[in-house]
Every structure is written in structure tokens, then in C-alpha cells.
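Student: I am new to this structure and would like to learn how to read its features with some care. Could you take me through a few of them, giving the general idea each time and then the case at hand?

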Amino acid sequence: MDIDIVSVFPEYFDVLNLSLFGKAMERGLVTVRVHNLRDWTHDVHQSVDDTPVGGGAGMVMKPEVWAECLDELLDVPVDAPADADAAPSPGSPVLIFPNPSAPLFTQQCATELSHAEHLVFGCGRYEGYDARIPQYYRERGVDVREYSIGDYVLNGGEVAVSVMLEAITRLLPGFMGNADSIVEESYTGANALLEHSQYTKPATWRGMAVPPVLISGDHGKVDRFRRDEALGKTSRLRPDLIARLDCAALGKADRKTLMALGWEVSGAHPRRLG
Ligand code: 6GU
């Protein structure tokens, strides 16, 4: 996978050299190029932002500088005409802008983007970027995505890009040591639940015993215990995920557990009773 990152703080991404991501780069699984947006400025101050049209606080990133940079990275000709119905061609780069006012980035987004050959991330700073930038590239057939990573405000897109990049690249075949660890995780698959609690040895530590069923050797009972714990935990902490489950895909034991937790499971999706 080819990855370009554009930022006014390129040093921020030095951390990518660490850990599993660094190893993946060494092995050639991912190629990352980090660019300084200011390299595409022409003025002595290398300015990338300006005051918002219509007034308001803060600064907005200028379209001209971004466009000179993105034309080059995406290989879009300067004279390419606009086409409101332009459809991205398969295998072409995906342009991603972190934006707190965009749809949420989810595991499903990560899975989809892990199949792309080339990702280009544009990190916004200040109050954001001129809205014509994503629109311009969309109208020239580029697959442009804007994502928020959660309902809170960050100073810029760098942290959000690091989050998205980690979620995407760890899904690449060969990135993780153990591919099984991906399959069992929270948020994976159509019937996503929070993951059950995990324990390791010793069986008793500072007077605290692990749930005895986990050392019973009965795999059926262990699976059921973990599934019930996942259902209970999700019901308590993330009822929104329970309400999205497909009732038809739930087994008899799952239904029984959910009913005991106060859910009605007769419709398309579980509904909280009371
Ligand atoms: Cl993608 N960017 C910024 N600046 N803040 C955020 C965010 C993104 N997602 C949540 N907060």
C-alpha cells in the first residue's frame, strides 16, 4: 500500500518508524511519504491559511496551496474539466481529509480502505480547510473521503490521521503476527459486540480468582461464558450496538441472554423493554 501524508507538521509522523508500522515499512508492506504542505507555497512567509470569508474566528486553509500539492500527488491535470457525476476508477488513489464535522470513521471504513492501493491524507489545521478543495477533486473523479474520529475537538488532523492509518494498515495481510486476533475483535463483522474480558495467569492474583469456568477445560462453556459477558458488557456500555444487531443472526442462547438483560428480540433488531 502506498501512503502519502500532507501536513504542516511532517515531523509529527516520525512515530510511524516505531513498532509494527515501522516493521511493515521495512518489509515493504507499506510505503509512506510525508510531505510538508509549505513546500507548495510561493510566498516568503509560506502561508497556508487566511481569514474566513463571511467572518468568524480562526484561520482557514487556502485552496491554492492544497491544490498545487494534490494535483501533483494525485496526478490530476491542472486543466481537467469539472464533472459533477465523475465516478472514481478502481485502483485510483483515495483522498482522505480528517474533519471533525464529517461522518464517523468506523471499523467498516478501515476495512474498506485497507483494500485501496494508494491513500493520500491531507491534514487540516486551524479552523479547517476551504470546502472547495474536496469538492474540486470529487468533480475530477477522485474518491474523496472526509471523516471524524469522534465527538470531541482536536487541534488538527495529524492525530486523526495516525488513528485512521493504524486502524487501516493493521488489517493488511501480513501486518499483524496473528491474523486470528483480528477476527475476534470488537466491532468486526455484522454482529459487532464489545469484546469479552481477558485474563492470563496466575489463576489467582492478590486474592482475585479468574472466573472458574475459564479453567474448566469445557470449551463450549467457555465460549458461552465469553459470549454472555460480551452481550452483558455491550448492553451496559454500548446499547446502541445491541440495537443494531440482526435478530435473525442471533442463536437461541444469545436471545435468552438478551431477554434476561431486558431486550425484546422478536423484531428485526433488539429493542429495549421498559
Ligand atoms: Cl478528524 N479532526 C479534528 N481536528 N478534530 C477531530 C477530528 C478530526 N475527529 C474528532 N475530532
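Student: Which residues of α2 are buried?

Tutor: Buried means under 20% relative accessible area, exposed over 50% and partly exposed in between, with a 1.4 Å probe and protein chains only. In α2 the buried residues are Val65, Trp66, Cys69, Leu70, Asp71, Leu73 and Leu74. An α-helix has 3.6 residues a turn, so residues three or four places apart point the same way. Helices (H or I, at least four residues) and strands (E, at least two) are DSSP runs, numbered from the N terminus. This is a predicted model, in which local features need pLDDT of at least 70 and side-chain atom pairs count only at pLDDT 80 or more, while totals for chains, interfaces and linings use all residues. Residues are numbered from 1 along each chain as its sequence is written, and side-chain values use heavy atoms, with hydrogens and water left out.

Student: What do the buried residues of α2 pack against?

Tutor: Taking contact as heavy atoms within 4.5 Å, they pack against β1 (2–7), β2 (31–36), β4 (60–61), β5, β6 (118–122) and α4 (132–138). Just after α2, Asp75 takes a positive phi of about 60°.

Student: Why does the end-to-end distance of α2 agree with its number of residues?

Tutor: The expected span of a helix is 1.5 Å times one less than its number of residues. Helix α2 (residues 63–74) has 12 residues and should therefore span 16 Å, and its end C-alpha atoms are 15 Å apart, which agrees.

Student: How many aromatic pairs are there in the whole structure?

Tutor: A pair of aromatic rings is described by the distance of the centres and the angle of the planes. Rings of Phe, Tyr and Trp (its six-membered ring) pair if their centres lie within 6.5 Å, and planes under 30 degrees apart count as stacked, over 60 as edge-to-face and the rest as tilted. A search of the whole structure finds 6 such pairs. One of them joins Phe105 and Tyr147, edge-to-face at 5.4 Å centre to centre with 75° between the planes. This pair links distant parts of the chain, with Phe105 in the loop between β5 (94–98) and α3 (107–113) and Tyr147 in strand β7 (residues 143–147), 42 residues apart.

Student: Are Phe105 and Tyr147 buried or exposed?

Tutor: Both Phe105 and Tyr147 are buried.
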